[in-house]
Amino acid sequence: SLGGPWLLGLLARLLLWGSPGARGSYLRRSSSCMPIPQSMALCYDIGYSDMRIPNLLEHETMTEVIQQSSSWLPLLARECHPDARIFLCSLFAPICLDRLIFPCRSLCEAVKRSCAPVMACYGYPWPEILNCNKFPADHELCIAAVSMDENSSSRRMPRASCQDCELEEASTAREILESLCANDFAVKIRILRRNTTTTISDFDLDPSKVEVLKHGPLLRTEIPARLQQWLDIDATCAHNIMRGTQAGVFVVSGEVQSDKVVVNKAYAWQKRNRNLHQAVRRWKHHRCPEQAG
């Protein structure tokens, strides 16, 4: 089965291409077609059903392919780039055609630009086997990027951060107040999910639903823009907070780091979170320890 705009585009290019190009080399006799197994979570249901073995990373058996490809699943979970899966699967599970088709150098560079910093957070360098200089230039036969470049003004490209961010349980009002005191800023906001059709969702701040509890070193007037910037660049955190919902109200607090804000705590504003409601009511008259003296 074939599917996906990137795959249709590749097939269209193949029909027009007269020669394989420097990297679109013809298959070795030892290469064979095999179904992509369901146990290969990285590439199963990617848009085509069969792959070549050995693959472009010289994995000789399906067992080796599954084992090696599974190590990249945590990176995909960080949503570092919408084309990361296409790039990796073009190497781990190359499509079954009459020639080997490599990813374009520009695709590799785009994915590396967004994903390598996330890998570095966990102590993993971008591997030499994925050196972008090894891949063909865009004018050759290759798999190109699907998403627009992050420099395009027509679409913002969210970038994953290293910040692990989850909704907090509103334990006690006192603990929440202590958390608000410990952070630079605290705001009650409404977040909207703008797009669900791409690998990475886009999120918007509802500017009419911003209640500043604590602005710290920030000006009150600049807080909405800074929080929108946070939503733009920290797709992973926003995704975790939203938990699949289309809209939600949250109390978030965090710190200011040079030219950006980082959210450290997030609580869902719901009726059952009585401790959170109590903490927000008490905040107006609450004195943090450093202010008490």
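**View 1. Proline 54 sits in the loop between strand E2 (50-53) and helix H2 (62-70).** The model is predicted. The peptide bond from isoleucine 53 to proline 54 is cis. Its omega is near -5 degrees. The loop between E2 and H2 also holds glutamate 58. Phi of glutamate 58 is near 65 degrees, a positive value in a residue other than glycine. Glutamate 58 is exposed, at 59% relative accessibility.

**View 2. Aspartate 45 has a positive phi in the loop between strand E1 (32-35) and E2.** The phi value is near 65 degrees, and the residue is not a glycine. Aspartate 45 has a relative accessible area of 64% and is therefore exposed, the cut-off being over 50%.

**View 3. Cysteine 43 and cysteine 89 form a disulfide.** The S to S distance is 2.1 Å. The torsion about the S-S bond is about -105 degrees, so the link is left-handed. Cysteine 43 lies in the loop between E1 and E2, and cysteine 89 in helix H4, so the bond ties together parts that are 46 residues apart in sequence. Cysteine 43 is buried, with a relative accessible area of 0%. Cysteine 89 is buried as well, at 1%.

**View 4. A disulfide joins cysteine 33 to cysteine 96.** The S to S distance in the model is 1.5 Å. Cysteine 33 belongs to strand E1, and cysteine 96 to the loop between H4 and H5. The pair links distant parts of the chain, 63 residues apart. Cysteine 33 is partly exposed, with a relative accessible area of 40%.

**View 5. Cysteine 108 is bonded to cysteine 132 through a disulfide.** The sulfur atoms are 2.1 Å apart. The angle about the S-S bond is -75 degrees, and the link is left-handed. Cysteine 108 is in helix H5 and cysteine 132 in the loop between H5 and H6, so the pair ties together parts that are 24 residues apart in sequence. Cysteine 108 is buried, with a relative accessible area of 0%. Cysteine 132 also counts as buried, at 6% relative accessibility. A search of the whole structure finds five disulfides, among them this one.

**View 6. Phenylalanine 87 and tryptophan 126 make a stacked aromatic pair.** Their ring centres are 6.4 Å apart. The planes meet at 15 degrees, which is under the 30-degree limit, so the pair counts as stacked. Phenylalanine 87 is in helix H4 (residues 84-92). Tryptophan 126 is in the loop between helix H5 (105-121) and helix H6 (173-182). The two residues are 39 residues apart, and the pair links distant parts of the chain. Phenylalanine 87 is buried, at 0% relative accessibility. Tryptophan 126 is buried too, with a relative accessible area of 14%.

**View 7. Phenylalanine 87 also pairs with phenylalanine 135, edge-to-face.** The rings are 6.0 Å apart, centre to centre, with 80 degrees between the planes. Phenylalanine 135 lies in the loop between H5 and H6, 48 residues from phenylalanine 87 in helix H4. Both phenylalanine 87 and phenylalanine 135 are buried. Trp72, Phe87, Trp126 and Phe135 form one aromatic cluster. The count of aromatic pairs comes to three.

**View 8. A polar contact joins the side chains of aspartate 138 and serine 106.** The contact is 2.7 Å. The C-alpha atoms are 6.8 Å apart, and the residues are 32 residues apart in sequence. Aspartate 138 lies in the loop between H5 and H6. Aspartate 138 is partly exposed, with a relative accessible area of 42%.

**View 9. Residues 16-22 and residues 150-158 have pLDDT below 50.** The mean pLDDT of the protein chain is 81, and 80% of its residues reach 70 or more. Residues 16-22 have ten contacts in the model beyond near neighbours in sequence. Residues 150-158 have 24 contacts beyond four places in sequence. Where pLDDT is low, the predicted coordinates should not be read in detail.

View 10. Buried residues make up 48% of its 293 residues. Of the contacts with a separation of 6 or more, 73% are between residues 24 or more positions apart. The accessible surface comes to about 15,000 Å². Carbon and sulfur atoms account for 52% of that surface.

Definitions and conventions:
Residues are numbered from 1 along each chain as its sequence is written. Side-chain values use heavy atoms; hydrogens and water are left out. Rings of Phe, Tyr and Trp (its six-membered ring) pair if their centres lie within 6.5 Å; planes under 30 degrees apart count as stacked, over 60 as edge-to-face and the rest as tilted. Helices (H or I, at least four residues) and strands (E, at least two) are DSSP runs, numbered from the N terminus. Buried means under 20% relative accessible area, exposed over 50%, partly exposed in between (1.4 Å probe, protein chains only). pLDDT is the predictor's confidence in each residue, from 0 to 100. Contact means heavy atoms within 4.5 Å. A polar contact is a pair of N or O atoms within 3.5 Å; within protein, one must be able to donate a hydrogen and the other to accept it, and residues adjacent in sequence count only if both atoms are side-chain atoms. Accessible areas come from the Shrake-Rupley method with a 1.4 Å probe; for residues, only the protein chains shown count as cover. A disulfide is a pair of cysteine sulfur atoms within 2.5 Å.
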